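Work through these exercises with the model open. Try each task before you read its solution.

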Amino acid sequence: MTQRLLNDRDLDFLLYEFLDTDALLKRPRYQEHSREVFNATLETAKTVAEKYFANHNAKGDANEPSFDGETVHQIPETREAWDAFAEAGFLAAHYDFEDGGMQLPEIILRVAMSYMTAANIATAGYPFLSIGAANLIQSFGGEAERAKYLPPMQAGRFAGTMALTEPGQGSALADITTTARPADDGSYRIVGQKMFISGGDQSITENIVHLVLAKIEGAPAGAKGISLFICPKFLVNDDGSLGERNDVALAGLLHKMGYRNTTSTVLSFGEKGGAVAYLVGEPHKGLQYMFQMMNEARIGVGAGAAILAYQGFNYSLDYARERPQGRLPSNKDPESRQVNIIEHTDVRRMLLAQKAYSEGALAMCLYASSLFEDSHTATSEEERRDAFLLLDLITPIVKSWPSKYGLKANELAIQVLGGSGYIREYPVEQYYRDNRLNPIHEGTEAIHGLDILGRKVVMSGGAGLKLFNRAVAATLAEAGQYQQTGEFVGPLQQAQATLNEVTQTLVEKLAQDPDAALANATVYLDLFGRVLAAWIWLKQAVCASAALDKGESGENDENFYRGKLQATRYYFQWELPEIAPQAELLQRFDSAPQDMRDEWF
Ligand SMILES: Cc1cc2nc3c(=O)[nH]c(=O)nc-3n(C[C@H](O)[C@H](O)[C@H](O)COP(=O)(O)OP(=O)(O)OC[C@H]3O[C@@H](n4cnc5c(N)ncnc54)[C@H](O)[C@@H]3O)c2cc1C
C-alpha cells in the first residue's frame, strides 16, 4: 500500500475556506504573488517530499546515525534530501526578494514544510531547525553576523541548531551552567556541556552554526543572566571561507525511540580552553531572544505531531477499507462474505477519533501560523497587536494539544491494523515512536500547563483571553445561521463559560497560594485545549455548511464537507463533555497528587 502524504483537498480547504489565504495577496508584501504562485510552491514542495524525503523514512529509522569517534555517519539520502530542499529555495523562501528570498507568506511555507514532515519527520528536522536558527540571527544578530552566517545558511552550506538543554538542566533553563568569558577581541569563550542537541553534528553540511545559551561570567542569577551566542563548528574567515575547527566537540550521539535520522547529540564546549563565540544582541537578553525561536518551534512541533497523526490516520483508513474480517453482529450466516473492517462500528469510532484529532490539530496549527503572519503583516497596528496577543496565549496549546492527541491518534492507528500495527513491516508503529517525542521537547506538557495558567491567561490584563472569547463569539454567531451547525452553539457557549469560570477561580488563587493554584495546571491545559479544539472544529463546520448550502458541490466535495460535519459532531459528543469533570476537579483544587508524600510511593 503506498503511503499518501496528507490530503490535498483538506489542505486546500484549510488554506482557502477555513482561512482566507487569498486576502494576503492584498497586503503590500505579497502583491507580486498570486494563488497560482502559492499552489506552484506547494506542488514543488510535494514533489521534493515524495522524491527525496519519503524514500528513506523507514531506512533512516532502521539505520540510525553512528559516530566512530571522529565522524558522524548517516545514510546518503539524508544529504540528498537536504540538497534538494535547499536547491528548491525553501531555506530562504520567506526572506525578502532583495535578500535573495521569495517573500512567501508563513502559512504557505508551513504547508510546504508539512509535506516534508509527512514524508520523513526526522530528516525534515534539519531544515526545520536551521530555518529557525537563521531567523534568530536575522532578527537579533548584528550586521556583521548576518552578513557572515545568513547567506551560507540560506544556501544550505551551513545548518543551524538550538543549544539550550544541558545534562543537568532541561525544563529549568534559568539554572544553566554553561559560561561565556569575554575575550580581548570582543568575542567570547564558551565552556560547558549541552545535551539532546538535535543536528548538533551531522554529515550533511560544511559547517554548523550553534545558537547557544550561556551565562557571561558575573551575570545576574536566573533567567535574567542568560545570553545568546553564535558558536560555529568551524570558525568562518572574513571572506566567508572556513577557518579552524572551533573548540566544540561531539561527546556522543544519543539513541532514540523515534526521530532517529535526526542526530541527537551531547556537545562539549571548551575542552581545550573555550569555544569561540559571538554575542547575539545585548548581554542577558538571550532567553528573551530565544523565545522567538522557541515559539516558532512550538507551532512547528504541534504541526509535526498533527502531521504524524494524519499519516497514521491515512494509512489505517486505507487499510480498513481493504482488510476483510468478520461479519456484522446481525449477520449469523457463516457462508456470507466477510466485511472489510471499516464496516465495524468500533473501527469507525477509531477512525473518526483519528480524523477529529489529526484534522483538528492541523487546522489549529495552520490557524496559529495565520496569526503569526498577521502579527507581522496585517494592515493595521491594532490587528498586528491582537494577532500577537492571541497567538501568545494559545501557543502552549498549539504545541501541546496536537502532541497529546496526535499520539493518541497514532495509538488508534496501530489498533486499527491489529497485529499488523505492531510490526515494523507497517509504518504506523514508527509514526507512534516518532510522535512520542512531541509531548516532551520544546517544553513538556507540564511546563506548558504552568505557562498558560501561570503567565499567559493573566498577561496584559488578560487581553489574550478576551480576544479568544471574542473570536469564539463570532463563530457562534455564524454557526447559529446554519441548520447543520445550530446544535453545536449551546455546547460551545457552555464550554466557553466553564473555561472562563475555571480560569477566574484559579487566577484568584494564584496570588494567595501559587502552589495550589498551579498544582493541576496540566488538567487546565487539557481543558482549555478541548475548548480551543471544539472552536476550531466549529469553524470548519461553519465553512462546510456554507459550502453545502451553496449547493454547488459535486459528490466528492459533498462527502468531504459531510465528513467535516460528522467529525465536529463526534468531537462535540465524545470529547468536549470531558471538560465538566475536569472543571469540577480544578475548581475544588483537588489535592490528591499534591498531598501524596515521597515516602508513600
Ligand atoms: C529527541 C530530543 C530532541 C531534543 N532537541 C533539543 C534541541 O535541539 N535543543 C535543546 O536545547 N534541547 C533539545 N531537547 C531537550 C528537551 O527540550 C528537553 O528534554 C525537555 O525540555 C525536558 O527537559 P529534561 O529532559 O531535562 O527533563 P526534566 O526537565 O528533568 O523533566 C523531567 C520531568 O519533570 C517534569 N518537570 C520538570 N520541571 C517541572 C516543573 N517545574 N513543574 C512540573 N513538572 C516539572 C517534566 O514535565 C518531566 O515530566 C531534545 C530532547 C529530546 C528527547
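**Exercise 1. Find how far apart aspartate 526 and arginine 530 sit along helix H16.**

Step 1. Aspartate 526 and arginine 530 are four residues apart in helix H16, so about one helical turn separates them.
Step 2. Look at the side chains in this predicted model. Those of aspartate 526 and arginine 530 meet in a salt bridge, at 3.0 Å from N to O.
Step 3. Check the burial. Buried means under 20% relative accessible area. Aspartate 526 has 7%, so aspartate 526 is buried. Arginine 530 has 8%, so arginine 530 is buried.

**Exercise 2. Name the residues that touch the most other members of the largest nonpolar core.**

Step 1. This core has 140 residues. Met116, Phe468, Leu492, Tyr524 and Phe528 touch the most other members.
Step 2. Now look for another core. A second, separate one holds 28 residues, including Leu129, Ile137, Leu150 and Phe158.
Step 3. Go back to methionine 116. Ignore its neighbours within four places in sequence. Methionine 116 then contacts Ala45, Val48, Ala49, Phe53, Phe85, Phe90, Ile121 and Ala124.

**Exercise 3. Find the helices that arginine 9 and aspartate 557 tie together.**

Step 1. Start with the total: the structure holds 35 salt bridges.
Step 2. Arginine 9 and aspartate 557 form a salt bridge through their side chains, with N and O 2.7 Å apart.
Step 3. Arginine 9 is in helix H1 (residues 8-18), and aspartate 557 is in helix H17 (residues 555-575).

**Exercise 4. Find the salt-bridge partner of lysine 564, and the network around the pair.**

Step 1. The partner is glutamate 359; the closest N and O atoms are 2.7 Å apart.
Step 2. Lysine 564 is in helix H17, and glutamate 359 is in helix H9, residues 345-377. They link distant parts of the chain, 205 residues apart.
Step 3. Check the accessibility. Lysine 564 is at 0%, so lysine 564 counts as buried. Glutamate 359 is at 3%, so glutamate 359 counts as buried.
Step 4. Widen the view. Asp10, Lys355, Glu359 and Lys564 are linked in a network of salt bridges.

**Exercise 5. Locate threonine 123 and list its contacts.**

Step 1. Threonine 123 is in helix H6, residues 121-140.
Step 2. Its relative accessibility is 2%, so threonine 123 counts as buried.
Step 3. Leave out neighbours within four places in sequence. Threonine 123 then contacts Phe53, His56, Thr78, Ala81 and Asn261.
Step 4. Pick out asparagine 261. Its side chain and that of threonine 123 are joined by a polar contact of 3.0 Å.

**Exercise 6. Decide whether tryptophan 600 is buried or exposed.**

Step 1. Find tryptophan 600 in the segment after helix H19 (592-595).
Step 2. The cut-off for exposed is over 50%. Tryptophan 600 has 52% relative accessibility, so tryptophan 600 counts as exposed.
Step 3. Look at the surface. Met596, Trp600 and Phe601 form a nonpolar patch there. Together they have about 400 Å² of accessible area.

Methods:
Residues are numbered from 1 along each chain as its sequence is written. This is a predicted model: local features need pLDDT of at least 70, side-chain atom pairs count only at pLDDT 80 or more; totals for chains, interfaces and linings use all residues. Side-chain values use heavy atoms; hydrogens and water are left out. Patches are made of residues with over 30% relative accessible area and no salt bridge: like charges are joined within 9 Å, nonpolar side chains (Val, Leu, Ile, Met, Phe, Trp, Tyr) within 5 Å. Accessible areas come from the Shrake-Rupley method with a 1.4 Å probe; for residues, only the protein chains shown count as cover. A salt bridge is a side-chain nitrogen of Lys or Arg within 4 Å of a carboxyl oxygen of Asp or Glu. Helices (H or I, at least four residues) and strands (E, at least two) are DSSP runs, numbered from the N terminus. Buried means under 20% relative accessible area, exposed over 50%, partly exposed in between (1.4 Å probe, protein chains only). A nonpolar core is a set of buried Ala, Val, Leu, Ile, Met, Phe, Trp, Tyr and Cys residues joined through side-chain atoms within 4.5 Å. Contact means heavy atoms within 4.5 Å. A polar contact is a pair of N or O atoms within 3.5 Å; within protein, one must be able to donate a hydrogen and the other to accept it, and residues adjacent in sequence count only if both atoms are side-chain atoms.
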